[in-house]
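Trainee: I would like to learn how to read a model like this one. Where do we start?

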Amino acid sequence: MMSSIAPRVESLASSGIQSIPKEYIRPKEELESIGNVFEEEKKGGPQVPTIDLKDIESEDIKVRERCLQELKKTAMGWGVMHLVNHGISDQLMDRVRITGQKFFELPIEEKEKYANDQASGKIQGYGNKLANSSSGQLEWIDYFFHLVFPEDKKDMSIWPKTPSEYTEVTSEYARQLRGLASKILSALSLCLGLEEGRLEKEVGGLEELLLQMKINYYPKCPQPELALGVEAHTNVSALTFILHNMVPGLQLFYEGKWITAKCVPNSIIMHIGDTIKILNNGKFKSILHRGLVNKEKEKIIPKPLPETVSVMEPPLFPPCTFPQLIQHKLFKKT
């Protein structure tokens with residue numbers, strides 16, 4: 001399949017266009033479900049649960065068990081949640097947001113120094129979506145993507161030199177987020193009746209579990225009712241953590257319809273990904289989600305863990321490699 005690089009969305013948005021190019025317009029059947037994101041957020045109905053992590057490591061067994069049960073219920077029913085009292089300070093989260101914003105405020109020609117080249121396999125760096133997804137369409141988004149943990153696997157040549165504090169802030173955030181990932185994986189293991197360290201071991205442990213960071217930039221869109229910032233998908237990863245900026249946009253396909261996640265101050269949104277879903281044989285959800293815009297070492301993914309399979313609950317997923325899973329997700333290959 002041939003891939004073509006689309007112009008940066010920022011260039012389109014700043015050019016003064018009143019209508020978006022056709023390759024950004026979603027199919028008719030999808031357009032029927034895209035509304036005004038600010039109006040959608042105000043609607044009632046089901047809401048993404050909030051999990052308070054302050055009790056997740058409580059010395060009081062009853063208090064800790066109550067927190068685990070809430071986590072388990074949300075993982076099974078939703079597969080996505082707002083995490084509060086997660087241990088990462090508001091100050092650090094603000095610094096991460098500010099450094100990301102400062103990078104995207106640089107002139108496009110400056111950002112292009114960090115451009116990726118997806119066609120040649122260089123996926124880290126500054127870029128936007130190639131027109132080779134299953135839909136053949138483009139998303140209204142530019143981004144910066146790179147591996148941030150573990151330390152020995154980081155390619156510092158691709159890290160932005162401007163703003164000057166980018167490396168310090170991002171490295172500290174990655175270190176703390178990696179700790180949060182361990183805490184969550186331990187809790188999810190206990191929710192499944194597994195040994196506490198089991199899921200983390202299965203997804204690579206301290207040495208092989210990669211933490212990759214993607215800063216999404218959604219320029220103002222002249223026709224937001226026709227486009228998506230991120231098309232509908234589930235995450236291939238084990239866990240995904242979203243540091244939001246209190247602007248609504250995340251939508252989740254829950255009980256047959258799209259709902260808009262409300263913004264919870266100082267929360268981190270966490271998605272359970274396909275890898276964890278496969279390991280627990282589908283007991284936890286990996287929810288379909290998308291992003292609206294507004295105007296203004298190859299490792300085998302094992303078959304489900306034997307403890308999660310029974311005669312009544314046979315394996316739902318065949319073993320496959322991570323690249324095979326990505327090929328299936330992106331291009332619908334078997």
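Mentor: Start with the naming of elements. Helices and strands are DSSP runs, numbered from the N terminus. With that in hand, Gly44 lies in the loop between helix H3 (37-42) and strand E1 (50-52).

Trainee: Is Gly44 buried or exposed?

Mentor: Gly44 is exposed, with a relative accessible area of 64%. The C-alpha atoms of Gly44 and Thr260 are 9.8 Å apart, although 216 residues separate them along the chain.

Trainee: What does the whole chain contain?

Mentor: This is a predicted model. The chain has 11 helices and 13 strands. Of its 334 residues, 49% are buried. The accessible surface is about 17000 Å², and carbon and sulfur atoms account for 54% of that surface.

Trainee: How should I read the confidence?

Mentor: Where pLDDT is low, the predicted coordinates should not be read in detail. Here the mean pLDDT of the chain is 85. A value of 70 or more is reached by 85% of the residues.

Trainee: Where does pLDDT stay under 50?

Mentor: Over residues 330-334. The model has 10 contacts for that stretch beyond four places in sequence.

Trainee: Next, helix packing. What describes a pair of helices?

Mentor: Two packed helices are described by the angle between their axes and the distance between the axes. Take helix H4 (residues 61-77) and helix H7 (residues 166-191). Their axes are 9 Å apart, and the packing angle is about 85°. Angles of 65 to 115 degrees count as roughly perpendicular, so H4 and H7 are roughly perpendicular to each other.

Trainee: Which residues make the contact?

Mentor: H4 brings Leu68, Leu71, Lys72 and Ala75. H7 brings Ala187, Leu188, Leu190 and Cys191. By class, the contact of H4 with H7 has 7 nonpolar residues, no polar ones and 1 charged.

Trainee: Where is Pro150? And where is Pro163?

Mentor: Pro150 sits in the loop between strand E4 (142-149) and H7. Pro163 is in the loop between E4 and H7.

Trainee: Which residue other than glycine has a positive phi?

Mentor: Asn85 is one, with phi near 50°. Asn85 belongs to the loop between strand E2 (80-84) and helix H5 (90-104). Asn85 is partly exposed, at 46% relative accessible area. Glu255 is not a glycine either, yet has a positive phi of about 50°. Its place is the loop between strand E8 (250-254) and strand E9 (257-260).

Trainee: Is Glu255 buried or exposed?

Mentor: Exposed: Glu255 has a relative accessible area of 64%.

Trainee: One more case, Lys111. Why does Lys111 count as buried?

Mentor: Buried means under 20% relative accessible area. Lys111 has 0% relative accessibility, so Lys111 counts as buried. Lys111 is in helix H6 (residues 108-111).

Trainee: Which residues is Lys111 in contact with?

Mentor: Leave aside its neighbours within four places in sequence. Lys111 then contacts Glu10, Phe103, Phe104, Leu106 and Tyr126.

Key
Residues are numbered from 1 along each chain as its sequence is written. This is a predicted model: local features need pLDDT of at least 70, side-chain atom pairs count only at pLDDT 80 or more; totals for chains, interfaces and linings use all residues. Side-chain values use heavy atoms; hydrogens and water are left out. pLDDT is the predictor's confidence in each residue, from 0 to 100. Contact means heavy atoms within 4.5 Å. Axes are lines fitted to C-alpha atoms, for helices over the stretch in contact, and angles run from 0 to 180 degrees between N-to-C directions. Helices (H or I, at least four residues) and strands (E, at least two) are DSSP runs, numbered from the N terminus. Angles under 35 degrees count as roughly parallel, over 145 as roughly antiparallel, 65 to 115 as roughly perpendicular and the rest as oblique. Ala, Val, Leu, Ile, Met, Phe, Trp, Tyr, Cys and Pro count as nonpolar, Asp, Glu, Lys and Arg as charged, and the others, Gly among them, as polar. Buried means under 20% relative accessible area, exposed over 50%, partly exposed in between (1.4 Å probe, protein chains only). Accessible areas come from the Shrake-Rupley method with a 1.4 Å probe; for residues, only the protein chains shown count as cover.
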